[in-house]
Amino acid sequence: MKKTSAPANSNSEFYKPPKSIIRRANVKEYENLYTYSNEHREDFWAEQANNLKWFKKWKTVLDNSNPPFYKWFTGGKINIVYNAIDRHLKTWRRNKVAFIWEGEPGDVRTFSYHALNREVSKFANILKSMGVQKGEIVTIYMPQIPELAISMLACAKIGAAHSVVYGGFSVEALAERIADAGSRVLLTADGGYRRGKATNLKEIANEAMKRSPTIEVCITVKRTGQDVYMESDRDFWYHDLISLPITNNKCETEVMDAEDMLFILYTSGTTGRPKGVVHTHGGYSVYTATTHRMVFDIKEEDRWWCAADPGWITGHSYIIYAPLINGATVMMYEGAPNHPYPNRWWHMIEKYGISILYTSPTAIRGLMRFGDAWPNRHDLSSLRLLGSVGEPINPEAWRWYHEVIGKRKCPIMDTWWQTETGGFMITPLPITPLKPGSATKPFFGIEVGVVDDAGNEVKTGEEGKLVIKSPWPGMARTIYKDPDRYIEVYWKDYEKMGWYKAGDSARIDEDGYIWIIGRIDDVIKVSGYRLGTAEIESALVSHPDIAEAAAIALPHDLKGNAIHTFVITRAGVSGDKTLEQELKKHVSHELGPIARPESVAFVESLPKTRSGKIMRRVLRARALGEDEGDLTTLEE
Ligand code: WT7
């Protein structure tokens, strides 16, 4: 059914990694270490935690006195920024390149660790001067520019938590997140560049601030130079503040408890309200740094490029925090992969000598469609490893990535994980024999099950629900201000066993390889982005002409899934092409272009259960011309 689902034949040949990679791999053996990491979970994680600099060592590795609210490294004092920046300054890495950033128009900025520290410290001082306190949540709404990373690090440095709202989101999505976090300070930019055009971030931010009474201060980075409205006493330019005499280059890094909040990141769930997933300084540092070092085999000389947006968890964990903790050189790019031509990425790989590329199946499919000539024009021989994340990768895209980009010598790390898991959960290592489309095996310390509703393991090759059976340091601690929802969403279904429900279905083949099939809740993955059907539906019914709405996902060649919607108009309104266009625009305006529906169908009624829940699976089956399944709960 699903285009992106794993192929029926999972016995496909193994792709063995090249000997040269195995010989130099950071981790040379899986089975024994995997067994050890689960039998001696706390020892394993303590060993990993010892790679970091702690102001004070922890007393307890894992506090499981109040499940599912697990705590890690309690009693320990740490700051992620001390590990990501400060400690490198005392070594030769001080002069190593931390970030190489390229803007879409072609402008380039680079930062050594020394320079990054200077910029982060200056901005941290500004935030302090604005009264930003330890524990307060600062909302960041920016394009992919270096100041986004600088802002996040500056917040963490002074002990404030950040809440980054993806720059592709729009007014209502931003306003809702500001309100939930209760932010007093918003950091934004006038705009950014995307496909040759300037986006209107500040305009959206201004509109969102009208709906956000908590905001007192808004700091704006000048990126595009377009005219924007600035309100006196509320709005400040970043470049004005940064040149004030109060901004000296020194700022103490705040000493934090291991369990203090580092950030919240909103993600879509099954109800309309997005969930503020909470991560902390201690466990998250240990987990992201360990997974990044072991899975992507980070070496001192690597040039690492995670081509995600820092506004998503992938960017938080693997553009900003883990690579900097590991002292890597990180590539960041502002714009579209095919601007001005479809060779943009391949050009940058050659230009900067990128050795590891980590991206999404959607991006791969998108670039694949332009043909092999574009990558073939470039010398991609600097590449050593490739990675994929966000949704299952279809075997055609996997093979193209492997052959045309990796020239058959770069293993592909297909990493399965979630906003809630903080870092990779099911993933190969560079030494793992690969099967295209399978994320292979669990990472160290991660126990995975594929089970039925009662918690029994399903048979080999059968589809079941993916669960995680034991805690890990990078796990979400709670949902911000809503611990009950945290229990309800993730822990309720397998309460007796104490398992975490991922919300995905999967199967395990005869070799013990795990194949992720897709979401089983009302979450849609569009181009790898996560959206809730409820969010889209509530955006539709916020239009005055719409009474009821339903959103479903249908397979799409490029995006993996596309959003299709069904609406009932209010009495006296008839659905036509004009209204259809208007509704698409409306959703785009409220939530962002990624949420724009592929289609809007005007209907007289929606299939519902007797208790009034929309039966989306019935809509999906009808759209696909498939059997509608069990209809006994359908309302007359
Ligand atoms: C959902 C989480 C954390 C990375 C970015 C997405 C899907 C993620 C894979 C993969 C198959 C994947 C799952 C998961 N997903 N990686 N390698 N293979 N599916 O984070 O937005 O929190 O979404 O993305 O459905 O539950 P997210």
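1. In this predicted model, helix α5, which spans residues 113–129, packs against helix α6, which spans residues 146–157. The angle between the two is about 65 degrees, and their axes lie 8 Å apart. The crossing of α5 and α6 is right-handed.

2. The residues that form this contact can be named on both sides. Helix α5 contributes Leu116, Asn117, Glu119, Val120, Ser121, Phe123, Ala124 and Leu127. Helix α6 meets them with Ile150, Ser151, Leu153, Ala154, Cys155 and Lys157. Sorted by class, the contact of α5 with α6 comprises 9 nonpolar, 3 polar and 2 charged residues.

3. Which residues are closest to the ligand? They are Asp414, Thr415, Thr419, Arg519 and Arg530, within a set of 17 residues that surround the ligand. By class, the shell around the ligand divides into 6 nonpolar, 5 polar and 6 charged residues.

4. A nitrogen atom of the ligand lies 2.7 Å from an N or O atom in the side chain of Asp414. An oxygen atom of the ligand is placed 2.7 Å from an N or O atom in the side chain of Arg530. How much of the ligand does the protein bury? Taken alone, the ligand exposes 560 Å², of which the protein buries 96%.

5. One runs from Pro67 to Pro68, with omega near 0 degrees. Pro68 is located in the loop that links β1 (60–63) and β2 (71–74). The other joins His339 and Pro340, where omega is about -5 degrees. Pro340 belongs to the loop between β17 (329–333) and α12 (344–352).

6. A further backbone detail concerns Asp233. Its phi is near 75 degrees, a positive value in a residue other than glycine. Where in the chain does Asp233 lie? Asp233 is in the loop between β11 (217–221) and β12 (235–237).

Definitions and conventions: Residues numbered from 1 in each chain as written. Predicted model: local features only at pLDDT ≥ 70, side-chain atom pairs only at ≥ 80, totals over all residues. Heavy atoms only, no water. Axes fitted to C-alpha atoms, helices over the stretch in contact; angles between N-to-C directions. Helix = DSSP H or I, 4+ residues; strand = E, 2+ residues; numbered from the N terminus. Left-handed = near helix turned anticlockwise from the far one by under 90°. Contact = heavy atoms within 4.5 Å. Nonpolar A, V, L, I, M, F, W, Y, C, P; charged D, E, K, R; others polar. Near = heavy atom within 4 Å. Polar contact = N/O pair within 3.5 Å; in protein donor to acceptor, adjacent residues only side chain to side chain. Areas by Shrake-Rupley, 256 points an atom, 1.4 Å probe, with all protein chains shown as cover.
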